[in-house]
Amino acid sequence: MKNITLNVTGMSCGHCVNSIESALKEVGVESKVNLSDGTVDVSYDENKLSLASIKETIEEQGYGVE
């Protein structure tokens, strides 16, 4: 499992947290959103998912990934 922290823009409330965590869970990524820091800690299997696909999943929810 690979662990990485992503900077995510556009998050402002609990709904944002749930939206991102639920979308990532659907694609097999364990995540923890830190709303106050604007970050998302992700843990994923590099053999099954790429970092680009994880970023795309977050962006599809309407948030930016730096």
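Reader: Which cysteine sulfur is closest to that of C13, and at what distance?
Author: This is a predicted model, in which local features need pLDDT of at least 70 and side-chain atom pairs count only at pLDDT 80 or more, while totals for chains, interfaces and linings use all residues. Residues are numbered from 1 along each chain as its sequence is written, and side-chain values use heavy atoms, with hydrogens and water left out. A disulfide is a pair of cysteine sulfur atoms within 2.5 Å. The sulfur closest to that of C13 is too far for a bond, for it lies in C16, at 3.7 Å.

Reader: How many disulfides does a search of the whole structure find?
Author: C16 is in no disulfide, the nearest cysteine sulfur being that of C13. Across the whole structure, the number of disulfides found is 0.

Reader: Is C16 buried or exposed?
Author: Buried means under 20% relative accessible area, exposed over 50%, and partly exposed in between (1.4 Å probe, protein chains only). C13, at 32%, is therefore partly exposed. C16 has a relative accessible area of 5%, so this residue is buried.

Reader: What is the order of the strands in the open sheet?
Author: Helices (H or I, at least four residues) and strands (E, at least two) are DSSP runs, numbered from the N terminus. Two strands pair if DSSP finds at least two bridges between them. The open sheet has 4 strands with antiparallel pairing, in the order β2-β3-β1-β4.

Reader: Which strands stand at the edges?
Author: An edge strand has a single partner strand, so one of its sides is left without a neighbour in the sheet. The strands in this position are β2 (30–34) and β4 (64–65).

Reader: Which residue in the turn of the hairpin has a positive phi?
Author: The hairpin is formed by β2 and β3, with 4 residues between them. A positive phi of about 70° belongs to G38.

Reader: At what angle does α1 run to β2?
Author: Axes are lines fitted to C-alpha atoms, for helices over the stretch in contact (heavy atoms within 4.5 Å), and angles run from 0 to 180 degrees between N-to-C directions. Helix α1 (residues 14–26) lies across β1 (2–9), β2 and β3, and its angle to β2 is about 165°.

Reader: Which residues of α2 are buried, and why are they on the same side?
Author: On the other side of α2, A52 and E60 are exposed. The buried residues pack against β1, α1, β3 and β4, and they are I54, T57 and I58. The arc is that of the directions from the helix axis to the C-beta atoms. These residues lie on the same side of α2 because they cover an arc of only 95°.

Reader: What is the relative accessibility of T39?
Author: T39 is found in strand β3, where 5 of the 6 residues are buried. Leaving aside neighbours within four places in sequence, T39 is in contact with residues including T5, L6, K32 and V33. T39 counts as buried because its relative accessibility is 12%.
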